[in-house]
Amino acid sequence: MDTRGDLSPLLSNDEDDEVMISSIGNHSEASCRFLSTPNRRTSDGFFENGDSGIEALVSDTDVVANSLEKIESVRPKKTADYEALDYDTIENELYYAEETKMSHRQWKCIQIQRWLICVLIGITTGLVAVIINISIIQLTELKMKIVTQAIEKCVKSACLYQPLLIWITINAGLVMIAALLTVFVAPVAAGSGIPQIKCFLNGVKVPNVVRLKTFFTKVVGIIASVSGGLAVGKEGPMIHAGAVLAAGISQGRSITFKLTFPLFEYFRNDREKRDFVCAGAAAGVAAAFGAPVGGVLFSLEEASSFWNQALTWRIFLCSILSSYSLNFFMSLYHHHGGDLAYPGLINFGKFEGTYEGFELPIFFFMGVIGGLLGALFNAINHKITIFRNKYVTIRFLKVVEVIIVSVVSATIAFMMMFLSAQCNPLGQDINVDLQFLCEDGQYNTMASLFFTPPEDSVKSLFHDPLGSFQPLTIIIFVFPYFFVACWTYGLQVPSGLFIPALLIGAAWGRLIGICMNAICPDCLWSQDVAKYALIGAAAQLGGTVRMTISLTVILIEATGNISYSLPLMTVLMIAKWVGDFFNQGIYDKHVHLAKVPILEWEPPPLSINIHAREVMGTPAVTVREVCLVKDICRVLSDPHNCHSGYPVTNEEGKFRGFILRSQLLILLKHKVFMERSGPDDRLELAVFRDSYPRYFPLSIVNVSEDEQRCHIDIRPYLNPAPYTISERASLPRIFRLFRALGLRHLVVVNDNFEVVGIVTRKDIWKWGHHGKS
């Protein structure tokens, strides 16, 4: 049964049917799913109700859905835009009855289903990665062939503007497809998706984050974005894609296509879905980098806020299957079936060299550079994102911005190839043989960085022999690319950040390696520039995303050389420390810019003297154990006092338990009235699971005047032992309860065990970010 909570005044719990209304409670996480007639839009973009009586309820679900779809497009994005997920199990009488009836064989069947779901998640994630990878390879080769022919034709005819226009047109056309899908179909698919999945696993429901249309937009969009020449990578979005696949497979249904299978019904709740989404994120990392262990550690360190020890083996199996599914099919694509030499979307290649002890200080210095450049990248991107959120708000302008960035990126790349004077003999670089303005038998070095997928450019900087890239060529490349990447991340297209960061770091890292060789040209240690490019890539990525343990393991698995573990680990830590001195990591910045009420690892500092009575929302609306239908409808329909759940009291006002708003709606819909049903006519737990995850609004519940005078006994359905806390409890204690248990509500009681308030996630988030202000 769903146990989710509210952070916003929303019309319904449906991810599509969310509407802000004009009342947000008194310092509380108030929420309402009430649709009255008529609705009137206020000047600030919110909605206020005209008639709040029971007579305003309607029963035409199609009308409601159509209205909500229109409202969704104009709904403002604010902190109250997000709901909370509840990872706590509701142990009511229905739950006890179901668990008591469960046999040992049934229990074993559920455990087997968990493993089966993980197997399916791993294999499907790997297959999706194959589709993305092959599509990008084919589109990139086709684009390169068309532009190369135009360049070869126009070099001697002095009409180089023609291939430039062709290149711009192709790139702009591809990225426009990605932008249109993202802006008009699934805006949540923009970016890498890592911040959104991190918020989901932290306990915040980001609207549409694990929907099928989001998955489709993510896959098609990232293919078009990378093929269109934007400074993005396809690895980061694989994490989001894997999480969406996990959420869909684990539920055994497709709400979009209205298909429900008699499979995996037991897992239709937030707690189970969270565990599988965590496995999907790990499978995405494994498919992206060929790093199964890194995928598990990524979910543990960066993504998941709640870790179940039993998950470790299942997630590891999921990651292994994801990596090797991609491995197997890519080996077939490359006509080397069975050699399994293609373990991820990006393979850094083998690093056979080693390093000397006296080089460690050089690596540590590179870590400092990576932290500084990462902080600079995040600061610039932060300013651009603020400007974008303030001024680029119309859908049309969002698409136009993407096209402008595509045109600028293509023009800069073409101009750099035109200005680059470095030409190398053919055969020195296997990626591209574009002659451009070079002599016969030579190729343009800059073209090898721009006419290939970014992953191949990273490998070129890693492994091409010394002398393949002159220092001036690297400088001309890395400076514009750095700022273009800053501008690109945050556009309304699916885009990964890992590869641009690795490419930037590999460029300036190789430049340092060239400088070391210039200092000591005859030394063996200075002739291996690959290690400097690798350390630079790690430092830049670590200074940007501020990941440590998981990123270390990912890079070790991607390079296949354990001997670099010490410098990689140390450099990533230094880059994180230096970067944290100036600002937050890029993902955390975007989470805070979106005003998502995410809970950090530790409670707010110096908050021990803040108590529950100061944090809680009050007054708390309560319901009786046995109450009139009319009273329930009044509570649910009043936008000033409705929450996602309500404390239940007896006639003496003593606290007896907690009931969710979604449960009350289901009871009203099925008319579980005492006057019209017997004592044994209780709803089964399967009825509540069947409504998950999109609950209907009160507006579709048709309650007659006679039914309003009936009574509902909610004792079998309430949670009789929810977590409660004294009004004298400190904020750090409240924070740890929410953080460790994944709570959505915490009822505050006094010494007489009377309800005095409710603490919600948003209340804690406010104190963590704004203090008493």
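## Basis of the description

A residue is called buried here when its relative accessible area is under 20%, exposed when that area is over 50%, and partly exposed in between, with a 1.4 Å probe and protein chains only. The structure is a predicted model, in which local features need pLDDT of at least 70 and side-chain atom pairs count only at pLDDT 80 or more, while totals for chains, interfaces and linings use all residues. Residues are numbered from 1 along each chain as its sequence is written, and side-chain values use heavy atoms, with hydrogens and water left out.

## Confidence

The pLDDT, which is the predictor's confidence in each residue on a scale from 0 to 100, has a mean of 81 for the protein, and 84% of the residues reach 70 or more. Helices (H or I, at least four residues) and strands (E, at least two) are DSSP runs numbered from the N terminus; confidence is lowest in strand 2 (residues 47-49), with a mean of 31, and highest in helix 11 (residues 360-391), at 95. Over residues 1-76 the pLDDT is below 50, and this stretch has 242 contacts in the model beyond near neighbours in sequence, a contact being heavy atoms within 4.5 Å.

## Cysteines

Taking a disulfide as a pair of cysteine sulfur atoms within 2.5 Å, the structure holds one. This disulfide joins Cys520 to Cys523, with an S to S distance of 1.5 Å; the link is right-handed, with 45 degrees about the S-S bond, and both Cys520 and Cys523 are buried.

Cys278 is buried as well, with a relative accessible area of 1%, but the closest cysteine sulfur, in Cys318, is 9.9 Å from its own and therefore too far for a bond. Cys318 is likewise in no disulfide, the nearest cysteine sulfur being that of Cys118, 5.4 Å away; Cys318 is buried, with a relative accessible area of 0%.

## Nonpolar cores

A nonpolar core is a set of buried Ala, Val, Leu, Ile, Met, Phe, Trp, Tyr and Cys residues joined through side-chain atoms within 4.5 Å. The largest has 154 residues, and those with the most contacts inside it are Phe462 and Phe477. Leaving aside neighbours within four places in sequence, Phe462 is in contact with residues including Phe348, Phe351, Ala506 and Arg510. A second, separate core of 33 residues includes Ile632, Leu667, Phe673 and Cys710.

Two strands pair if DSSP finds at least two bridges between them. Strand 11 (residues 645-649) and strand 12 run antiparallel and are joined by five bridges, with Thr649 opposite Phe655 in strand 12. Five residues lie between the strands of this hairpin, where Gly653 takes a positive phi near 85 degrees. Strand 12 (residues 655-660) has five of its six residues buried, so it is largely enclosed by the rest of the structure.

Three strands form an open sheet in the order 14-15-16, with mixed pairing. Strand 14 (724-726) and strand 16 (755-760) stand at the edges with a single partner strand each, so one side of each is left without a neighbour in the sheet. The twist averages 35 degrees from one strand to the next, with axes as lines fitted to C-alpha atoms, for helices over the stretch in contact, and angles from 0 to 180 degrees between N-to-C directions.

Strand 14 and strand 15 (residues 745-749) run parallel and are joined by three bridges, and Thr724 stands opposite Val747 in strand 15. Helix 26 (residues 731-741) packs on the sheet, touching strand 14, strand 15 and strand 16, and its direction makes about 145 degrees with that of strand 15.
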